[in-house]
Amino acid sequence: MIKDNIAEVKENIERAAGKAKRDVCDVTLIAVSKTKPVEMIREAYDTGIRDFGENKVQEIMDKYDKLPGDIRWHMIGHLQTNKVKYIVDKVCMIHSVDSLKLAAEISKQAVKVSREIPILIEVNVGDEESKFGVTFDEAEDLIRQIAPLSGIKINGLMAVAPYTEDPEQNRGYFARLRQLSVDITSKNIDNVSMSVLSMGMTGDYGVAIEEGSTCVRVGTGIFGERDYSI
Ligand SMILES: *Cc1c(COP(=O)(O)O)cnc(C)c1O
């Protein structure tokens, strides 16, 4: 089942890339495995998936030791500063940086373990109360403040678009995030690259790819609905 879901998601990714005349190799599929057991992650791994997304520190720690070492773990959820130290040596990228305080802590912990951690700046594209992230207007200032920190490298932008039944409703947000990444690239800020645009989830990854996403985070579409009660 997971295998079939992955095949279907990959087909959709190819179709969207084709539609936008983009190279499908420029889009990374992150399988969002939060709340899902290691057996299911292993099933996805066996189809060739190596990028997995989690949003809780404890879950990354629990799963990390039980699964192959060549998995690239992506931290995609809100991260508390006091927990950075637990995952600093385990994740390949932190997608959800939205404050100087958090970036400074990642920097400090990364330096301790001699790493340079790629991070993304999270933008709250829909200006939703319930979501984390900076506004479009705040992004550049935050990037300029974080850029000089050691042990950390800004690699791009991330967004969780509003939940909607109709992905077209999010097209404008994705286009605007891409434009922001182009604008920031043009400022040539030292130590800042805008090569990653992490946007698109189960409900809207096709549209996100058409608008330039380089990294889609798909959970439900691969692993099925999540049960938060267990
Ligand atoms: C849960 C989650 C996803 C995946 O959501 P689906 O709709 O299940 O694909 C993607 N990104 C973030 C940040 C998430 O927390």
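Is Glu140 buried, partly exposed or exposed? Glu140 is partly exposed, with a relative accessible area of 21%; buried means under 20% relative accessible area, exposed over 50%, and partly exposed in between (1.4 Å probe, protein chains only). The structure shown is a predicted model, in which local features need pLDDT of at least 70 and side-chain atom pairs count only at pLDDT 80 or more, while totals for chains, interfaces and linings use all residues. Residues are numbered from 1 along each chain as its sequence is written, and side-chain values use heavy atoms, with hydrogens and water left out.

**View 1. Glu140 and Lys187 form a salt bridge.** A salt bridge is a side-chain nitrogen of Lys or Arg within 4 Å of a carboxyl oxygen of Asp or Glu. The closest N and O atoms of Lys187 and Glu140 are 2.8 Å apart. Glu140 belongs to helix α6 (residues 136-146) and Lys187 to the loop between α7 (168-185) and β7 (192-198), so the pair links distant parts of the chain, 47 residues apart. Helices (H or I, at least four residues) and strands (E, at least two) are DSSP runs, numbered from the N terminus. Lys187 is partly exposed, at 39% relative accessible area.

**View 2. Glu105 and Lys108 pair within helix α5.** Their side chains meet in a salt bridge of 4.0 Å, N to O. Because Glu105 and Lys108 are three residues apart in helix α5 (residues 100-112), about one helical turn separates them. Glu105 counts as buried at 17% relative accessibility, whereas Lys108 is partly exposed at 46%.

**View 3. Glu211 and Arg171 meet in a salt bridge.** The N to O distance is 2.8 Å. Glu211 lies in the loop between α8 (205-210) and β8 (215-218) and Arg171 in helix α7, so the pair ties together parts that are 40 residues apart in sequence. Glu211 counts as buried, at 19% relative accessibility. Salt bridges that share partners join Lys19, Glu168, Arg171, Glu210 and Glu211 into one network. A search of the whole structure finds 13 salt bridges.

**View 4. Helix α7 has buried residues along one face.** The buried residues of α7 are Asn170, Phe174, Leu177, Leu180, Ser181 and Ile184. Seen down the axis of α7, they fall within an arc of 115 degrees (that of the directions from the helix axis to the C-beta atoms), so they line one face of the helix. These residues pack against β5 (117-123), α6, β6 (152-159), β7 and α8.

**View 5. Ile121 belongs to the largest nonpolar core.** A nonpolar core is a set of buried Ala, Val, Leu, Ile, Met, Phe, Trp, Tyr and Cys residues joined through side-chain atoms within 4.5 Å. Of the 67 residues in this core, Phe52, Ile119, Ile121 and Leu177 touch the most other members. Its largest share, six residues, comes from helix α1 (residues 2-19). Leaving aside neighbours within four places in sequence, Ile121 is in contact (heavy atoms within 4.5 Å) with residues including His95, Val97, Val134 and Leu142.

View 6. The structure holds zero disulfides, a disulfide being a pair of cysteine sulfur atoms within 2.5 Å.
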